[in-house]
Amino acid sequence: MEFIDLRRQQLIIKDNLISRMNKVLEHGRYIMGPEIAELENHLAAFTGAKHCVTCASGSQALEMVLAAWNVGSGDAIFTTPLSFIATAEAIVRCGATPIFVDIDLSTYDLDASLLEKAVSAVQQVSSSVYPLPAICRNENMALRPRAIIPVDLFGNPCDYERLLAIAGAHDLLTLEDAAQGFGAKYHGANLCNCGCTAAATSFFPAKPLGCYGDGGAMFTNDPDLAARLDSLRYHGRVDSAHKNENIRIGYNGRLDTLQAAILLAKLEVFPAELRARQEAARRYSGLLEELAPDVKLPEVTPGSTSSWAQYTIRLPDHANRAAIMKRMAEKGIPTFINYPISMHMQKSLEFLGYKPDDFPNAKKAAETVLSLPMHPYFEPGEQEKVVEALAKALAAEAR
Ligand SMILES: *Cc1c(COP(=O)(O)O)cnc(C)c1O
């Protein structure tokens with residue numbers, strides 16, 4: 001069994017895939033070919049956002065939006081400690097300081113009720129209000145609250161109503177990290193268009209909508225921001241009519257035409273895949289309730305639909321996760337930990353000076369989560385096999 005079965009998807013889309021890739025080989029415009037604009041139009045229509053600007057990766061999407069806002073030294077950017085490292089890296093790369101805000105353990109997303117506290121702590125330069133990085137604690141340096149990066153972890157939308165209310169009250173920009181949430185919905189709106197100033201997503205092969213390499217996209221309803229992003233991804237050029245006039249320091253940040261062609265083929269089956277993911281998640285939850293009642297099931301934020309990038313459970317506190325994973329692997333069932341180390345405890349971010357217990361929920365999640373195989377192409381009986389193997393491993397380890 002594969003953790004994410006991309007082969008079965010490929011069999012279904014193969015003819016379309018090959019014909020679209022051949023078209024690119026024929027016209028030969030490998031950089032910024034016609035498929036780029038075609039894909040951007042489709043992605044904008046899919047999300048409902050006015051503008052889509054594709055780019056080289058999800059990581060670069062995050063960084064370029066921050067760069068477009070001139071985020072830099074002295075800026076405080078609020079985000080979750082439980083995410084892929086790229087979320088915090090983008091902040092540090094821009095010269096700003098990540099301010100972590102603990103997660104809600106039932107949804108794994110940033111806890112909106114703690115955000116207000118974290119903003120106050122930065123404003124008052126007081127880590128007794130909420131844990132702050134060393135730069136605030138030791139040097140009494142007042143950072144300027146600039147933006148929030150909410151992450152739709154595992155595909156589960158954040159509580160945008162509350163997050164956006166706080167952002168509005170404190171004049172904060174909002175950058176949705178929808179690398180895992182693309183295709184999900186919040187209060188009827190598609191993610192990447194649910195009220196944030198901008199959104200970033202990733203087309204890394206394992207994401208809900210993935211290409212065959214690296215890729216990403218940025219979304220916004222603000223035409224000026226879209227124009228700046230379009231310029232930034234192409235070395236800061238004025239626009240496509242003035243390729244050699246550069247007005248800002250930019251990036252080599254474009255999506256390849258071939259990847260756009262691949263994504264156009266995948267986008268055609270994406271709505272059906274999202275429905276299949278809902279079905280697979282429902283099936284997992286039913287089986288787990290029956291066969292492994294001790295595990296904590298993933299909860300979807302009220303009023304929303306997850307894209308189910310991951311189906312992630314939490315094991316009982318006493319369970320030996322490594323031993324359970326090993327027992328499942330012996331039966332041919334791959335499992336994964338997203339993420340074994342909360343970002344506030346990563347070596348690369350050690351300079352922030354956070355302490356392990358600053359974010360107890362993120363720490364607990366990192367210690368106890370387990371992701372099960374998840375994709376839209378399960379065959380009958382496969383999910384039963386996963387859950388049975390898990391139940392047996394839990395029972396064996398409890399002995
Ligand atoms: C994958 C991911 C990214 C980075 O995307 P890449 O395309 O791999 O650069 C950023 N944030 C989150 C939450 C992700 O899951």
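Buried means under 20% relative accessible area, exposed means over 50%, and partly exposed is what falls in between, with a 1.4 Å probe and protein chains only. By that rule Leu390 is buried, because its relative accessible area is 0%. Everything below refers to a predicted model, where local features need pLDDT of at least 70, side-chain atom pairs count only at pLDDT 80 or more, and totals for chains, interfaces and linings use all residues. Residues are numbered from 1 along each chain as its sequence is written, and side-chain values use heavy atoms, with hydrogens and water left out.

**View A. Leu390 in helix 12.** Leu390 belongs to helix 12, residues 382-398. Helices (H or I, at least four residues) and strands (E, at least two) are DSSP runs, numbered from the N terminus.

View B. Welcome to the ligand site, where 16 residues surround the ligand. A residue is near a molecule or strand if one of its heavy atoms lies within 4 Å of it. The closest residues are Gly58, Ser59, Asp177, Ser202 and Lys207. By residue class, the shell holds six nonpolar, eight polar and two charged members. Here Ala, Val, Leu, Ile, Met, Phe, Trp, Tyr, Cys and Pro count as nonpolar, Asp, Glu, Lys and Arg as charged, and the others, Gly among them, as polar.

View C. In the side chain of Ser59, an N or O atom is 2.5 Å from a ligand oxygen atom. A ligand nitrogen atom, in turn, is 2.8 Å from an N or O atom in the side chain of Asp177. Taken alone, the ligand exposes 380 Å², and the protein buries 94% of that. Accessible areas come from the Shrake-Rupley method with a 1.4 Å probe; for residues, only the protein chains shown count as cover.

View D. The ligand sits in the largest pocket. Helix 3 (58-68) and helix 4 (86-93) are the elements that give two or more residues to the shell around the ligand. On a 1 Å grid over the protein atoms alone, a pocket is an open set of points with protein on both sides within 12 Å along at least five of seven lines, whereas a cavity is a set of points where a 1.4 Å probe fits but cannot get out; lining residues have an atom within 4 Å of a point. A molecule sits in a cavity or pocket if more than half of its atoms lie within 2 Å of its grid points.

**View E. The loop between helix 10 and helix 11.** Ile333 lies in the loop that runs between helix 10 (321-330) and helix 11 (360-368). Ile333 counts as buried because its relative accessibility is 3%. Tyr339 has its place in the loop between helix 10 and helix 11, and at 14% relative accessibility Tyr339 counts as buried. What kind of peptide bond joins Asn338 and Tyr339? The bond is cis, with omega about 0 degrees. Tyr339 and Glu367 are 28 residues apart in sequence, and their C-alpha atoms are 8.6 Å apart in space.

**View F. Two serines with side-chain partners.** Ser285, in helix 9 (residues 257-291), is buried, with a relative accessible area of 18%. A polar contact of 2.8 Å joins its side chain to that of Tyr311. A polar contact is a pair of N or O atoms within 3.5 Å; within protein, one must be able to donate a hydrogen and the other to accept it, and residues adjacent in sequence count only if both atoms are side-chain atoms. Ser128 sits in the loop between helix 5 (112-124) and helix 6 (134-139), and is exposed, with a relative accessible area of 70%.

View G. Asn70 is not a glycine, although its phi is positive, about 55 degrees. Asn70 is placed in the loop between helix 3 and strand 2 (75-79), and is exposed at a relative accessible area of 64%. Asp171, in the loop between helix 7 (160-169) and strand 5 (173-177), has a positive phi near 60 degrees. At 68% relative accessibility, Asp171 counts as exposed.
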